[in-house]
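Dear colleague,

I am passing on the structure below, together with some notes on what was found in it. Please read the notes with the model open beside them.

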Amino acid sequence: MGQGSIVILTGAGISKESGLDTFRDADGIWNKVGIEDVATPEGFRRNPALVQSFYNDRRRQLESGEALPNPAHLALARLEEEWDGDVAVVTQNIDDLHERAGSKRVLHMHGELRKGRCQSCNAVFTWSGDMGADSICPSCRKAGALRPHIVWFGEIPLDMPQIFELLDQCGLFLSIGTSGNVYPAAGFVSHLRSKGLARTVELNLEPSQGATMFHETIYGPASQVVPEFVA
Ligand code: BJW
């Protein structure tokens, strides 16, 4: 990556028009289920069946093909293909819509719905269908030790050293469809502003928590503003 390179942070808003719920909007996931119940290691220890069911439902929705990449995902894949420099997507999303749109360099800092992890042998593997107490680790063959490969509150997001290296080298940072409530992603823009090297642009439906930190802000649905911006 160099000064001509682009880092794109995405959040739930980019997948909203693909039919996947955001978290903090009025109709969002956190208005339907308790964060502490489904998105913390303590919640999983307390009631693994509830947490597995929450992620099984969302995995089923993804695997049913009812959620497809929208024009925003497609525009970012096209940008990566056509840009004369490196483009990396750092997503907080656990869906695979960037990959299905054709993006090649995607870092899933909060994990992936279609992967599982064994708490006994630490193997990470592709997983399809439901996961539960009877599920067997494809690596060590142990039953009952699997969890979704998701980063919950209090856990360390994935690929952080690589992400900060990409941020420190980029010339342009786009933040798309994220409310700026969750760290460390919410801190990327201030990290970049303190270094003063990259141009920073927010594309979102409405101003995020960190909106005033960006050089430029563009508001509207992702399927409209992202293709317009990258054209
Ligand atoms: C559209 C649109 C359209 C809608 N077009 N836009 C104080 C106490 C305790 C902890 C902390 C604390 N202060 C900080 C922390 C840390 C904590 C944290 O940030 N807490 C805050 C709530 C305060 N963070 C963590 O614990 C993280 N780990 C960590 O910090 O480790 C320490 C460490 C860091 C770095 C290096 C070393 C160590 C882990 C965070 C894990 C987050 N996990 C979740 C759930 C799992 C994934 C899942 O189930 O899907 O990840 S929470 C949830 O929020 C999910 C998301 O990825 C994440 C961000 O949400 P996002 O994407 O921004 O969605 P929304 O709904 O908030 O916003 C959507 C936006 O789209 C809105 O603005 C809409 O307007 C917009 N929109 N339609 C365009 N059509």
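**Helix α4 and its surroundings**

Helix α4 is followed by G65, which has a positive phi, near 85°. Please bear in mind throughout that this is a predicted model, and that what follows was computed from it.

Which residues of α4 are buried? They are V51, Q52, Y55, R59 and L62. Seen down the axis of α4, these buried residues fall within an arc of 95°, so they line one face of the helix. A49 and D57, by contrast, lie on the other side of α4 and are exposed. The cover over the buried residues of α4 includes the helices α2 and α3 (41-46), together with β4 (111-118) and β6 (146-150).

**Two domains**

The domain assignment divides the protein chain into domain 1, made up of 1-20 + 69-110 + 157-231, and domain 2, made up of 21-66 + 113-150. The C-alpha centres of domain 1 and domain 2 are 25 Å apart, and the contact between them takes 11 residues from domain 1 and 9 residues from domain 2. Sorted by class, the side of domain 1 that touches domain 2 consists of 3 nonpolar, 5 polar and 3 charged residues.

**The ligand and F23**

The shell around the ligand draws at least three residues from each of domain 1 and domain 2. By class, this shell has 17 nonpolar, 13 polar and 6 charged residues. Which of the 36 residues around the ligand come nearest? They are G11, G13, F23, Q92 and S179.

F23 is found in the loop between α1 (13-16) and α2 (35-38). The C-alpha atoms of F23 and G13, which are 10 residues apart along the chain, are separated by 9.0 Å.

Notes:
Residues are numbered from 1 along each chain as its sequence is written. This is a predicted model: local features need pLDDT of at least 70, side-chain atom pairs count only at pLDDT 80 or more; totals for chains, interfaces and linings use all residues. Helices (H or I, at least four residues) and strands (E, at least two) are DSSP runs, numbered from the N terminus. Domain bounds come from an automatic or database domain assignment. Two residues are in contact if their C-beta atoms, placed from the backbone, lie within 7 Å. Ala, Val, Leu, Ile, Met, Phe, Trp, Tyr, Cys and Pro count as nonpolar, Asp, Glu, Lys and Arg as charged, and the others, Gly among them, as polar. A residue is near a molecule or strand if its C-beta atom, placed from the backbone, lies within 6 Å of it. A residue is buried if 20 or more other C-beta atoms lie within 10 Å of its own, exposed if 12 or fewer, and partly exposed in between; C-beta atoms are placed from the backbone. The arc is that of the directions from the helix axis to the C-beta atoms.
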